[in-house]
Amino acid sequence: MQKHLLDLRVKSVEHINEKYVLMRLTDDMPLPEMLPGQFVEIKVNNSPATFLRRPISIHNVDKANNELWLLIAAIGEGTKHLANMAPGETLNVLLPLGNSFALGSKKTLLVGGGVGVAPLLYAGKVIKENGGEPIFLLGARKAADLLELDRFSEVGRVFVTTEDGSEGEKGFVTNHSIWDSEHFDQISVCGPKPMMMAVAKMARERETPCEVSLENMMACGLGACLCCVEDTNEGNVCVCKEGPVFDIDRLKW
């Protein structure tokens with residue numbers, strides 16, 4: 001897909017909780033085509049310690065309102081600066097980057113943890129539009145860490161685990177009873193690497209196709225800086241260019 005370098009306007013910044021914000025970006029011209037699983041690279045201005053662009057997953061594309069949604073975890077100086085931006089300010093954005101999730105008309109389990117839930121909303125929407133059935137399995141440490149359950153529930157069924165049992169079933173996403181009660185045609189995962197590896201193991205045991213979205217450090221998004229190299233069964237590849245979505249059979253997991 002063609003890449004674009006655009007100055008997008010901040011339409012709104014919604015503080016979901018103490019850590020996460022939902023940023024909506026727009027432009028006077030129609031936004032370019034973007035696929036679920038792809039990401040953008042944002043230039044952070046007026047942040048002296050932020051030299052490199054910040055990679056952010058595409059959370060949603062609202063075509064009716066010409067909006068790009070980004071779910072941002074404000075954990076470093078760069079992302080905290082983004083979280084404090086005001087409507088009307090502009091961001092220089094390189095997009096779209098990387099490949100996409102499988103988006104067929106299948107019954108798909110979309111598994112996410114932490115900020116890894118970000119690309120799953122758009123993926124679920126497109127799978128539903130294609131005639132498939134998206135089902136979300138979202139995990140967090142506690143109920144307060146769960147993100148946008150109302151928006152996910154508008155797209156498909158939502159199942160939840162929390163480590164402390166404060167909402168949904170207690171434990172990790174791999175402990176949820178849905179693994180025993182339902183069959184899936186496809187599994188797509190994004191989140192902490194140990195979680196993705198555990199889900200990949202379960203998918204192999206069930207002989208279910210599975211893909212994961214890796215979160216390696218991606219400084220340039222173009223395969224030039226070699227920060228995001230992953231050792232795969234085919235040798236070293238740049239996650240930003242070959243991924244970030246990989247079939248688990250390509251990985252040495």
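1. Start at Met23. Leaving aside residues up to four places away in sequence, Met23 touches Val10, Ser12, Val13, Leu68, Trp69, Leu70, Ile72, Leu82, Met85 and Leu91. Keep in mind that this is a predicted model.

2. Met23 belongs to the largest nonpolar core, which has 45 residues. Met23, Leu25, Val40, Leu68 and Leu91 have the most contacts inside this core. Nonpolar side chains tend to be buried together in soluble globular proteins.

3. Which elements each supply at least two residues of this core? Among the strands they are S1 (4-15), S2 (20-26), S3 (39-43), S6 (67-73), S7 (90-97) and S9. H2 gives the most, with six residues.

4. There is also a second, separate core. This one has 31 residues, including Phe184, Met196, Val199 and Cys210.

5. Look next at Trp69, one of the residues that Met23 touches. The charged end of Arg24 sits over the Trp69 ring. The distance to the ring centre is 4.4 Å.

6. How many aromatic pairs does the structure hold? It holds one. The partners are Phe136 and Phe152, with ring centres 4.9 Å apart. Their planes meet at 70°, so the pair counts as edge-to-face; the cut-off for that label is over 60 degrees.

7. Now the whole chain. The protein chain has six helices and 16 strands. Its radius of gyration is 17 Å, close to the 18 Å that the globule rule gives for 253 residues, so the chain is as compact as a globular protein of that length. Along its principal axes, the C-alpha trace spans about 50 × 40 × 35 Å.

8. Of the contacts with a separation of 6 or more, 60% are between residues 24 or more positions apart. Buried residues make up 51% of the 253 residues.

9. Finally, the surface. The protein chain exposes about 11,500 Å². Carbon and sulfur atoms supply 49% of that area.

Definitions and conventions: Residues numbered from 1 in each chain as written. Predicted model: local features only at pLDDT ≥ 70, side-chain atom pairs only at ≥ 80, totals over all residues. Heavy atoms only, no water. Phe/Tyr/Trp six-rings, centres within 6.5 Å; stacked < 30°, edge-to-face > 60°. Lys NZ or Arg CZ within 6 Å of the ring centre and 35° of its normal. Helix = DSSP H or I, 4+ residues; strand = E, 2+ residues; numbered from the N terminus. Rg over C-alpha atoms; globule rule 2.2 N^0.38 Å. Buried < 20%, exposed > 50% of the residue type's maximum accessible area, 1.4 Å probe, protein only. Contact = heavy atoms within 4.5 Å. Areas by Shrake-Rupley, 256 points an atom, 1.4 Å probe, with all protein chains shown as cover. Core = buried A, V, L, I, M, F, W, Y, C linked by side-chain atoms within 4.5 Å.
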